[in-house]
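Me: I am new to this structure and would like to go through it with you. Could you take my questions one at a time?

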Amino acid sequence: RHSTDMNLQRTLRVGIVGLGTAGPATALFLAKQGHDVSIFEKVSNPQPVGAGILLQPIGLTVLHRLGLLEPVLYAGHRVDNLLGVSRSGRRVLDVHYKHFHERLFGVGIHRGSLFSTLSSSLSSSSFPGSIKLQTGCEIKNISKHSTQHINPLLRSLDSPDAGSSF
């Protein structure tokens, strides 16, 4: 989609490698801006890996801008301060988010809950652009010299049976 109107931008075809936390978030931002995104994931059936994580205020801001903060707050636990104590009882970390700004806090959440929130939003939302998830494909090399805006290595993966289309 090309336009001479300066307020409209050209639609880009963007490839993202990995379905971790940053991959889906980036894809959502790009699709909301009207770009067509393909996420390439090595694992055939992606599942959350790991235990709990602590989302910092900047991560919560990103989730808010994606419209995903509410389900994350529901699934997680608010953290107002962090206290770390050595074995001898000495404080090695003592951070209170309110010291930086009265409205700041973190959220402790299981990786699975964050993964579910992000991955379900890939298929349940409508955007000006599109998001296509291609699983079971390992990207071994990406060349900066590609034609037609996509690397020839990836072009073979861009087939109807290569993955799920959202």
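Me: Is Arg91 buried or exposed?
Reply: In this predicted model, Arg91 has a relative accessible area of 54%. The cut-off for exposed is over 50%, so Arg91 counts as exposed.

Me: Which residue does Arg91 meet in a salt bridge?
Reply: The side chain of Arg91 meets that of Asp94, with 2.6 Å from N to O. Asp94 is partly exposed, at 38% relative accessibility.

Me: How many salt bridges are found in the whole structure?
Reply: The search finds three. One of them joins the side chains of Arg78 and Asp80, at 2.7 Å from N to O. Arg78 is partly exposed at 43%, and Asp80 is partly exposed at 37%.

Me: And what does Lys42 pair with?
Reply: Lys42 forms a salt bridge with Glu138, and their closest N and O atoms are 3.9 Å apart. This pair links distant parts of the chain, 96 residues apart. Lys42 lies in the loop between β2 and β3, and Glu138 in the loop between β8 and α5.

Me: Changing topic, how much space lies in the second largest pocket?
Reply: About 200 Å³.

Me: Which residues line that second largest pocket?
Reply: The lining includes Leu19, Gly20, Thr21, Glu41, Arg111, Leu114 and Phe115. Helix α4, residues 111-124, gives the largest share of the lining, with three residues.

Me: How do the lining residues divide into nonpolar, polar and charged?
Reply: Seven are nonpolar, three are polar and two are charged.

Key. Residues numbered from 1 in each chain as written. Predicted model: local features only at pLDDT ≥ 70, side-chain atom pairs only at ≥ 80, totals over all residues. Heavy atoms only, no water. 1 Å grid on protein atoms, 1.4 Å probe; cavity = no way out; pocket = protein on both sides within 12 Å on 5 of 7 lines; lining within 4 Å. Points joined across faces, edges and corners; volume = space filled by probe spheres on them. Helix = DSSP H or I, 4+ residues; strand = E, 2+ residues; numbered from the N terminus. Nonpolar A, V, L, I, M, F, W, Y, C, P; charged D, E, K, R; others polar. Salt bridge = Lys/Arg side-chain N within 4 Å of Asp/Glu carboxyl O. Buried < 20%, exposed > 50% of the residue type's maximum accessible area, 1.4 Å probe, protein only.
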